[in-house]
Amino acid sequence: MSQSQEWPRIAVVGAGAVGGYFGGMFVRAGAPTVFIGRRHFADAVNSRGLVVDKSQGLERIRARATTEMSAVRDCSLILFCVKANDTCETANQLAPFLRPDATVVCLQNGVDNADQVRAAANVVVLPAAVLRRGINAGTGRVKHLARGDLIIGPPSGKTTEVANLFIDAGIPCRISDNIEGELWVKLLCNCALNAISALGHARYGENRAKLRCKTADATHCR
């Protein structure tokens, strides 16, 4: 989809690492997007733009950010990216400002976030599993060095429409007929890998390299 084609208005609620990256990809593609985040993030983005650090190099994207939840009022696609523990409270703050035809995509860890948002707001809510590596946030800065694709579901006309929007923005996205299973798999992997990283004082990349080393010929690991 080119910048001359029509995009929905998009709001990113919880503009941290995940929201900054996916929202930045939509802005880059030409979609009218507003970021809703903490004051330091909003101030940095409004004054200096959103900096996306990818393996191809740095890119500064001009974007609009605010701390006001009411900014979602005119948006038909909401990327919901807050921490899972904040889902219920944020959904209740969001609900009064949502359009009746809005679609919320939950880009979060956990398995019941979409249910919590549905309980607060009578709109379409789609769960998503974010397959990400190397996404980190600074003040108005996102570092993305590897994957950033999505799995959403369950299959429906609306899910297909939303998946196509992500794809048009340069974000790989596939639809699963077992999205709950995908969310549980990610949660279980996080539970295991987070513990290993904490106990070993090592990042995911270091742990993956060690696992590959143990399964490869020793001569390749020197």
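## A look around helix 1 and the cores

Twelve of the 13 residues in helix 1 are buried, so the rest of the structure largely encloses this helix. Bear in mind as you look around that this is a predicted model. Helix 1 covers residues 17-29. From its first C-alpha to its last it reaches 19 Å, close to the 18 Å expected at 1.5 Å a residue. The buried ones are A17, V18, G19, G20, Y21, F22, G23, G24, M25, F26, V27 and A29.

Now for the nonpolar cores. The largest one has 39 residues, and those with the most contacts inside it are F22, F26, F35, L79, L107 and F166. Which helix gives the most to this core? That would be helix 1, with seven residues. Apart from this core lies another, of 21 residues, with A91, L98, A102 and A121 among them.

You'll find F166 in helix 5. Is F166 buried or exposed? F166 has 0% relative accessibility, and because buried means under 20%, it counts as buried. Leaving out residues up to four places away in sequence, F166 touches F26, L79, V105, L150, I171 and C173. One of these, F26, also belongs to the buried set of helix 1. Then there's M25: it sits 141 residues from F166 in sequence, yet the two are 8.8 Å apart in space, C-alpha to C-alpha.

Another residue worth a visit is N113, in helix 4 (residues 113-120). N113 is at 3% relative accessibility, so it counts as buried too. Its side chain makes a polar contact with the side chain of T87, at 3.0 Å. With residues up to four places away in sequence left out, N113 touches A84, T87, C106 and Q108.

Here are the two residues side by side:

| Residue | Element | Relative accessibility |
|---|---|---|
| F166 | helix 5 | 0% |
| N113 | helix 4 | 3% |

What kind of peptide bond joins G153 and P154? It is a cis bond, with omega at about -5 degrees. P154 itself is found in the loop between strand 11 (148-152) and helix 5 (157-168).

Note on methods
Residues numbered from 1 in each chain as written. Predicted model: local features only at pLDDT ≥ 70, side-chain atom pairs only at ≥ 80, totals over all residues. Heavy atoms only, no water. Helix = DSSP H or I, 4+ residues; strand = E, 2+ residues; numbered from the N terminus. Buried < 20%, exposed > 50% of the residue type's maximum accessible area, 1.4 Å probe, protein only. Polar contact = N/O pair within 3.5 Å; in protein donor to acceptor, adjacent residues only side chain to side chain. Contact = heavy atoms within 4.5 Å. Expected span 1.5 Å × (residues − 1). Core = buried A, V, L, I, M, F, W, Y, C linked by side-chain atoms within 4.5 Å.
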